[in-house]
Every structure is written in structure tokens, then in C-alpha cells.
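Please look through the model below before reading the numbered points. They go from the chains to single residues and then to the interfaces.

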Amino acid sequence: MNAQPIVSIAGVSKRFGAIVAVDGVDLDIRRGELFALLGGSGCGKTTLLRMIAGFETPDTGRILIDGQDMAGVPPHRRPVNMMFQSYALFPHMDVAENVAYGLRREGLPAGEIARRVGEALDQVRLADHGKRRPAQLSGGQRQRVALARALIKRPKLLLLDEPLAALDRKLREGTRFELVRLQEQLGLTFVMVTHDQEEAMSMAGRLAVMNEGRIVQVGTPHEVYEHPRSRFVADFIGIANILPVEGGRAWLALRPEKIALFAARPNTDRAEQGRIVDVAYEGDRSLYRVGLVDGSMILVSTANVAREPREPWPRGQEVWLGWANDAGQRLNE
Amino acid sequence: MRLVIALPYVWLATFFLLPFALVLAIAFGTNNPDAVPPIDLGVSLKNFTLLFTDDLYLAAWLGSLRIAATSTLVTLLLGYPMAYAITRARPSLRPLLLMAVILPFWTSFLIRVYAWMGLLSSNGILNQFLRNTGLVADPGTILGTEWAVHLGIVYAYLPFMVLPLYASLEKLDTSLLEAAADLGASPITAFFTVTLPQSLPGVVAGCLLVFIPAVGEFVIPDLLGGTDTLMIGKVLWDEFFLNSDWPLASAVAICLLVLLVGPIALFQRQQAKSLERQ
Amino acid sequence: MVGRARFALTVLAFGYAFLYLPIALVILYSFNESRLVTVWAGFSTKWWSALFANEAMLRAAWLSLRIALVSATVAAVIGLAAGYVLARVPRFFGRTLFGSLVIAPMVMPEVVMGISMLLLFVVSDQLVSWPNRGFLTIAIAHITFSIAFVAVVVQARLADFDRSLEEAAMDLGATPWTTFRTITLPLIAPAVGSGWLLAFTLSLDDLILTQFVAGAQSETLPMRVYSSVRLGVDPQINALATIIVAVAACALIFSGWLTRRKA
């Protein structure tokens, strides 16, 4: 029974006028995982999420949640809850009323609602903020209210639309871990939409990369990063050098950190000579643009392990690049 | 949801659209003082030919358009600097200043026109002032002239001009003016090349909001104008209430509507556009 | 900079003097001993006493108030529906006509609306002996042209309404009707309130439309004022004007407070 996916999407498409937002998507989401839909703006990830929530109706295809076909089921009867990008906290209600809203709709007794609201607010460390209005909260507190409100109905599935986009950078990193811990504690399935690859990679158990309405690859962060199946994925996730191989019939996706710099010809599987064109010092690492003899450009990154590196590589320096045979991923498209 | 659409739709179709069909039908009828209501239905163009051949009606059409146009222009010339000055006031003062523009609109229209009757009469305060200061020896009577009608329209409709102008001027990004100044434009050049073009939607909306009702105005020419002030709204009123010529009054209504269809459509398009921008 | 500030100050001083001097004089002369509005003959409240003893005026005021209350309330309900449809229902049969019908009464010359509505009531009276001209016909006329003002205010409020609030409510199990009742309506209530106030004021103030559809028996306050004013200046009207200005100022401050509270 538990092998059955919690969400099963089959052949789902959606158009808005002339624009195809989602184009023939098939996807299974497993029970209890944190799944991320990753892609640039307009790739269809939000539309897909909104179709799961019931705010949009697919033109074709089926969406099953826990084995039940969701066709014709309005949002308020679906066993899913959503955390909105803007949080969508009701400005005319205080925090406790916001969190209680979903339970009120079920007509539960007031005592039980109060108890569960108290628990939910405890869980997000806002127990003493129940009487505040959303306008009186900080960005991080609002995010936690939105989370408590979406979780209080104990949904089978929690949808998160860009859950961290509205937070500032420092807060975002702490909140990532908090969300992951909460998901593991509760044993719920989370589906989140994000445009931030770092966010998706660090939080998700599995992720789907979307482009132009299609899912181009599904896998663990490691699979997607180290074994991209297309030039798009290789290019979209992290940085990749795409080198033509086999006379231009295929490509090699080579990550900059898999290449090493040498002063003289190294004893690696592959070696190329070039000249440093640009250096970008980023603190934790340095990124070099190296022009090869054949005119192509290769990006190389080195971790700045030592505070004062023994051999800095200045612009204009003649260098050798070396990498192993299995350092890159061969791509057919 | 169907009920939500139907409620206003049916109401407006019944009490707004349907009546126009009746007006149109009756405008082609003839007057019969012995009937109740005083109408003989028919298909006669008599009323319309009368409206476009009789000197009295022609004068009334032209008078309405002329008076409405000049008073709209004067209202614009007065309202624009006001709206502009409000946008330049301290932000904390602006709501108060704006409220002060709106307040007269919330009082009675009739009372505001009435206020000028006392001011403009031959022994009124304005004349006393002119005489006492020696500015004008014998000012004559302003009440009962076209001057008074103009004054009344400008006064009564000034809030309608200031509000849309303020709305469009307020949106103006002041850094645009700084950019213009930085690029060598004098304040006056900057006004004509940046501020004025940007506020054009407000100018159009304000002018239409004054011009359209001013053309059909009745109360102002009736109370402030004289017997020689001919405006079409007053003609319609008199045909209806004094002469009981319902078909002729209906024909006047139809012509007035046709005359204003252009400006009204323009106003509606402008409204729709500004809502889209939001 | 100083020159420009002085220019702004001059413009505002002149503009507000133009707007308020006539009103101030009307108020001042309501306390004049003399009947003439041109001569100040000392302080007196006799015109105020006369106003409050003026039976016809009081009856007209009472009728106007009742009509305004009824028509503003009905117009608020229909205008709310119309504004909601304009903001939220992008496509249905006759959408363009619907939009024009809602907005048109705002800019329609009142004499045209007046004559057309009277003709409707006359024809309907001939056909089905209903309605009698009076309270009902005046209220219908006022509702019809007030709908536009409520609808425009509601539509503008809904245009910058965050749709995800409604989606969040539905996501948490609220039916569309519950969503409207618990989320949408409370949040647009200030707009509906100021629309109601606008409709109330317009109804209280309307002369032309009312004159057409009122019939012989009913006389509203503006009709009473108009027939009195036609005969010339009357200090009782000045006293009435003072009351109206005071009430309008209070109403405006109240509606300003309502809109500020929503933020």
C-alpha cells in the first residue's frame, strides 16, 4: 500500500491562450519525501503545483492524490494544503485566527481548535504571538504562521510555493534546515516549487527540473548534478563546460571543480594547454576563464583551502588543464 | 455566480436600457395635449427637423457646446495648478488638502449654486466689493448673464477636474524631473516635456468629467443664467414641464445623447485603460 | 525653490478661497437679522427657528432621508455584485454591454435619464397600473444611477486585492461562498461602505431625476429647496445649507477614517 505514490500525474497539459504552460507531464511523487520542482520563471512549475492544489484545471491528463482522481474536486475538498509565496495571511485576523481558519471550516469544537492552534503555534515557536496581526510580524514570523496554518489540518501533502523567496539571505539558510527537520519529524510529503537550484539541491530528496512546460530530468540532487541527461540540465544546475566530442556528434559536460590547474603538463588522463583570460576571486573559491589553443573557453574553479595560496595564477599566465576520463558526463543531445 | 451577474444586469437593462428604447419610440411620435399621456405614437421626423431648423434650438445647441467648452477650459486652467500644488505639498498635508477639494462635492449641488445667487445679485457682495474698492464704478448685474453660468459651472465642477489630475500627477516619478534637470532642461522645459505629457490621461479624464455634464446642465443656467442664456438641458426641461411636449423633449434627449456618445465612449475607454494599468 | 513654493502656496490659497468663500458666506448669512443677504444687520437665529418650524421643509427632509437610506442600501448590494463581476468574471455572454451599462449612468446627462425613466414608469403604469409615482419610483431612479458609483469603488478595491488570500481560504477548506463571507467581504467592506455613503449623498442631493419621476404627491428636500430658491434668496435655505455642510464634513471625515483603517 505504501509503495503507491501519494501523487501521480499522468499526461497533464495546460494552456493559457496561446501559451503552453505545462506540456504532457508525467510524474510520481513518493510518500514521505521532500520533492522539489525546479526551473526558471515561466517553466510551468507553479502551474503544475496549482493544478495539484486545484486552483487550475488540467486541459488533458489525470492527477491522482492518494489513489483518488482529482478531476472535478474543488480546492476546498482536496486533502492537500498550500503555503503561498506571499504567505497570503488574512490581514483582518490575528495569528491564532489565521491558524484556526482551516479547523473552523471543519466545524470542530472550540476547545479542540484552541488546543490544536496552541500546539501548532508551539511547533513554530510563536506561542506568545497568537493575538498579533500579520502586519505586526517580521518576515520570518509570517513565514512560520503560514506554515502552521497550512499544517494544522494534517494534510497528506503540503505544497510550498517558493517557501523561502520572501526571506532575506541569512534567514533563508536557517529556515531551509528547519523545514527539512519539520518534514522528517511529521513524516509528511512536501512538494515545493523553487527557482533557486541551491535551495532545491540542499533540501529535496528528489527533484524535477522543468523547462518550457516539460520535465527534463527527475532524480536525486546528486544524480541531477553529476549525471545530467541533457545540455539544458547540465547548464541550468551549477556551471558546466560543454565540450564537443566524437567529432561534434556528442558533448561532454565537465564541471569546473573537476578540472585542475598545473604549471607544467600534468600526468592526468586528459591535458590541454591554455592561457588565463580572467580571474574571479569569490572568497571560498576562485573561478578562472582559460582560453585554449583552439580558441574555446574553459571555466575552472579551485577551492581556496589555504589563506595565502602558494601559487596564485595571474591573468595572462600560461597553464595546463588536466582532468580524469570519468570527470565529465557524456551527453547525446 | 449566475445570480450575481443577473441581478445588476436585469436591473440596469430594465431601468436604464429599456427606457432609452421608449424615449426613442416617443421621439418619433407627436404631441397631443388631450391624450394621457400627451403623446400620439407614430413615425414622424417632425421633432428632429424642428430641432435642426428652428433658430431657438440651434442657438441652444451651440450655446450649450460653447459654454461647456469654455468653462471646461477655465476649470482646467484653475484645476491644474491646484492639483499640481497639492502634489508638491508636504505628504502629511496632502490627504487633508484633497479632502478639502472633495468636501464641497459632498454638500448639496443645489446649495453650491445657490451660494452664488447671493454673491452675484445686483446688490450682492461681489458688486458691493467692486464698487467700494472703486475697481469698477458700475459693475452692472452679473446674475442672469452667461458670465454667471460660466462661473457656476467652474465652481460646481472644479472637484471633478482636480481629482483625476491629482491622481495622474501623483503617480509622476520625481526622479524623472531630476533626470530632465540633469540633462539640462529648465524647470519650465521640464514641465512641458515631462510633467504635462505624463499627466495627459488625467487632463482628458478631468475635462470629460466636466464637459459631459456641463453640456446637459439645467440647474446652473436656470438659477444663475438669464432668459437669454440658451442651453439644451434647460430647453428639454421647459419643453417637458412647461409645454408638456413629451415627444419633442424626447427628441432633444436623443440628440443630446448622440452628441455625447463620442465623449462618453472616450471616457469609458479611458476608465477601462486606467483600471487595466492597476 | 522658494519661488516655486510661493507659487504653490498662492495657487492653493486662491483655489481654496474660491471653493470655500461662497459657502462661508452662506453660513454667515444664516445668522443675519435681515432678510437681505446683502446687508449684515446683526446676529440672529430667527431663520433657524423658522427652518425648524417649516413643516413642508421638514416633511421633505424626512422623505429624502428615507429614500436615501433605502436607495443607498439597495444600490450598495447591486453595485457590489456589479463591481465583483467587473473585477472577477472576465468572460460571459454580453460582458461588454454589461460594462457599459454599469458605467454609463455616471456620465449620462441627468435630464436624459430623467425623461427616459419617467416614460418607463408612465408606460408601465398604463400597462399594469404599477408603480404609483412617488417614493418607489424615486428610489428606483436613485438606485439606478448610484449602482455605477458603488461598482466603480468596489471594482477598484478588488483590482488590487491579493487573490492568493481567497485561494488560501479555499485551500483550507472554505467553500466559495464561505470564502466570500469570511475573507473577501470583510476586506472590501470599507470600499462598500464608502460606496454606500456616496450613493446616500447622491440620493439626498438629486434634483433633476427626482423632479421627473416624483409625481404630484411627493416632494423631496432638493425639490423643496429648488422651488424656494427659484423665487430668490431665502435665509432659511442658508440655515439648511449650514446643516448640510456640517453633516457632509462629518461624513467625509468618517469615510476617510474608514479607508485609513483598512490599511
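1. Two strands count as paired if DSSP finds at least two bridges between them. Helices (H or I, at least four residues) and strands (E, at least two) are DSSP runs, numbered from the N terminus. With these terms, strand β3 (residues 34-38) of chain A is joined by four bridges to strand β9 (residues 206-211) of chain A, and the two run parallel. Within this pair, Ala36(A) stands opposite Leu207(A) in β9(A).

2. A word on the source is needed here. This is a predicted model, in which local features need pLDDT of at least 70 and side-chain atom pairs count only at pLDDT 80 or more, while totals for chains, interfaces and linings use all residues. Residues are numbered from 1 along each chain as its sequence is written, and chains are lettered from A and ligands numbered from 1 in the order in which they are written.

3. Chain A holds eight helices and 18 strands. Its C-alpha trace spans about 75 × 45 × 40 Å along the principal axes. A residue is called buried if 20 or more other C-beta atoms lie within 10 Å of its own, exposed if 12 or fewer, and partly exposed in between, with C-beta atoms placed from the backbone. Of the 333 residues in chain A, 36% are buried. Two residues are in contact if their C-beta atoms, placed from the backbone, lie within 7 Å. Among the contacts in chain A with a separation of 6 or more, 63% are between residues 24 or more positions apart.

4. Strands β3 and β9 belong to an open sheet of six strands in chain A, in the order β6-β7-β8-β3-β9-β10, with mixed pairing. At the edges are β6 (80-83) and β10 (214-219) of chain A, each of which pairs on one side only. On average, neighbouring strands of this sheet are turned by 20° against each other, direction ignored; axes here are lines fitted to C-alpha atoms, for helices over the stretch in contact, and angles run from 0 to 180 degrees between N-to-C directions. Strands of a sheet pair through backbone hydrogen bonds, either parallel or antiparallel.

5. Is Leu34(A) buried or exposed? Leu34(A) counts as buried because it has 22 C-beta neighbours inside 10 Å. Leu34(A) lies in strand β3 of chain A. Apart from neighbours within four places in sequence, Leu34(A) is in contact with Val180(A), Gln183(A), Phe190(A), Met203(A), Ala204(A) and Gly205(A). Between Leu34(A) and Ala135(A) there are 30 Å in space, C-alpha to C-alpha, and they are 101 residues apart in sequence.

6. Antiparallel pairing can be followed through another group of strands. Strand β1 (residues 7-16) of chain A is joined by five bridges to strand β4 (residues 60-65) of chain A, and they run antiparallel. Here Ser13(A) has Thr60(A) in β4(A) as its bridge partner. Two bridges then link β4(A) to strand β5 (residues 68-69) of chain A, again antiparallel, with Gln68(A) in β5(A) as the bridge partner of Ile65(A). The hairpin of β4(A) and β5(A) has two residues between the strands, and in this hairpin Asp66(A) takes a positive phi near 55°.

7. Chain A is divided into domain 1 (7-232) and domain 2 (241-331); the bounds come from an automatic or database domain assignment. Taken over C-alpha atoms, the centres of the two domains of chain A are separated by 39 Å. Five residues of domain 1 of chain A are in contact with five residues of domain 2 of chain A.

8. Chain C has 11 helices and zero strands. Its C-alpha atoms fill a box of roughly 70 × 70 × 30 Å along the principal axes. Of its 263 residues, 50% count as buried.

9. Which helix gives the largest share of the side of chain C that touches chain A? In this interface, 16 residues of chain C are in contact with 16 residues of chain A. The elements of chain C that give two or more residues to this side are α7 (163-171) and α8 (176-205). The largest share, seven residues, comes from α7(C).

10. Between chains B and C, 69 residues of chain B are in contact with 63 residues of chain C. On the chain B side, helix α1 (residues 2-27) gives the largest share, 17 residues.
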